[in-house]
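Thanks, everyone, for making the time this morning. I would like to take you through one model, starting with the whole chain and ending with the space left inside.

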Amino acid sequence: MSPTPANNDDDDTPKDPLSEMLANLLGGQGMEGFDAAELAKAAGLPSDPKVLAQMFSQVQAMMSGSSDTPVNWDLARDAARKAAAGDDPSVSPAQSREVDEALRLAEMWLDPFTELAATAIIGKAWSRAEWVEETLGTWQRLTEPVANSIAFAISTAMNEQLPEEMKSMMGGAASMMQNMGGALFGLQLGAAVGALAKEVVGSTDIGIPLADLQMALLPANVKAFGEGLEVPEQEIRLFLALREAAHARLFVQVPWLRGHLLGAIESYARGIHIDMSRIEDLAHNLDPSNPEAMQAALSEGVFMPARTPEQEAALSKLETALALVEGWVDEVTFAAAANLPAAAAIRETIRRRRATGGPAEHAFGSLVGLELRPRRLREAAALWSSLKEQRGIAGRDAIWAHPDLLPTSADLDDAAGFSARRSASDASESDVDAALAKLLDGGFDEVPPEETTEGPEHPEGPEHPEGPETGQ
């Protein structure tokens, strides 16, 4: 490798190393012929060869990557797998057998405690990397609305802030610059998903089915979950298997529920508006020697303006739905786990974990402006418990028959009075239905006999004259 970049011009004036590097990257020629130390000196970058190699690799991937969407999802997948790769042993045959047995036993234990039938899903044991692969499609669906907005805003702001001489140098490579915003978001999203892979214990750990029609546990994370609890790992695995199997029953036997939750999240995300002024400020002050600045800004959520009233209402409905799902699973799981000595302790640990969220959940929430946490899990569990006492298991589970039957946020405030309010509402709706049926059958055109104007034939007698008085 030559100490200075190749120069094909006839004059002896050396070119700016950083400018020529960018030109070659944009032209697809890569880093061939460049001296890393010279480039670092010219650009004010760190001189550590490993740091430079990683930095140049990321820049080249962002510039040369192609994608059909504004966000580079291939880059997001790579980033997620790299973030999850540390200390991620492959699942052993023994672990697969243990998870399979736990999920099968969980299905049998759940049968007496819910009317929702068991699924035919075969349980699986996943590594963290497998969890990433199986769930990334759902993450893409959840984040694409806000991701597209951020990618467009970043590329627009960066293009506006570029010096004129840089714009002319880029020439026909403007589309590559437009990909940079999507690539930056993809990197950050991938890092957040990869971090989540180190915390979750199953496919439904955050309350939504990230992997459609699948049931799985992550043995490495199940073991980490139990550290410090002083509870046998087998007991922890079985309790977590009960939760996973309960989630699976709910989402399989209530087919509208998954679309209801994901649709609510998508609608909320589409309402997010990016703060262009902050992005423009960041693009204007972007330091080439600090490529992590944009990713750090993304992770801190600096582009998210205050929520609108419409978004607050949508968020309230979403949080209620998440709480109802988690509350039902919490109630059914605890009932089925009555034979486990540490069931109450494990339940409380999960409740606190879901209420507060881990570091990875907070990072993801900052990135897309949404934290998927059931803030009212305890109230929802109390409501399902009250419904079981008042209506029985079948009556409780019948609430899932239609989204219009679901309790509201106000119902969580008064769980004991929910059945009375619902009974009154059902009676009122029954009266309306009867009146509507009568109207459609033409029943309102019939006048009851006692209200007829003609009446029966008038009997003879002084009190019933045969005709009107003639005035004679």
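I will go from overall numbers to one helix, and then to the cavities.

Please keep in mind throughout that this is a predicted model. The protein has 19 helices and 2 strands, and of its 472 residues 44% count as buried. If we take the contacts with a separation of 6 or more, residues 24 or more positions apart account for 77% of them. The accessible surface comes to about 24,000 Å², and carbon and sulfur atoms hold 52% of that area.

Let me turn to helix α9, which covers residues 219-226. Its buried residues are P219, N221, V222, F225 and G226, and because they cover an arc of only 165° around the axis, they sit on the same side of α9. As a reminder, an α-helix has 3.6 residues a turn, so residues three or four places apart point the same way. Just after α9, G228 takes a positive phi of about 95°.

Now to the empty space, which shows up when a probe the size of a water molecule is rolled over the atoms. The count comes to 6 cavities of 30 Å³ or more, and the largest cavity has a volume of about 90 Å³. That largest cavity is lined by 13 residues, of which P209, L213, Q214, A248 and F251 are the closest to its centre. By class, its lining has 7 nonpolar, 4 polar and 2 charged residues. Which helix gives the largest share of that lining? Helix α10, residues 233-253, does so, with 4 residues.

Key
Residues numbered from 1 in each chain as written. Predicted model: local features only at pLDDT ≥ 70, side-chain atom pairs only at ≥ 80, totals over all residues. Heavy atoms only, no water. 1 Å grid on protein atoms, 1.4 Å probe; cavity = no way out; pocket = protein on both sides within 12 Å on 5 of 7 lines; lining within 4 Å. Points joined across faces, edges and corners; volume = space filled by probe spheres on them. Nonpolar A, V, L, I, M, F, W, Y, C, P; charged D, E, K, R; others polar. Buried < 20%, exposed > 50% of the residue type's maximum accessible area, 1.4 Å probe, protein only. Contact = heavy atoms within 4.5 Å. Areas by Shrake-Rupley, 256 points an atom, 1.4 Å probe, with all protein chains shown as cover. Arc of directions from axis to C-beta.
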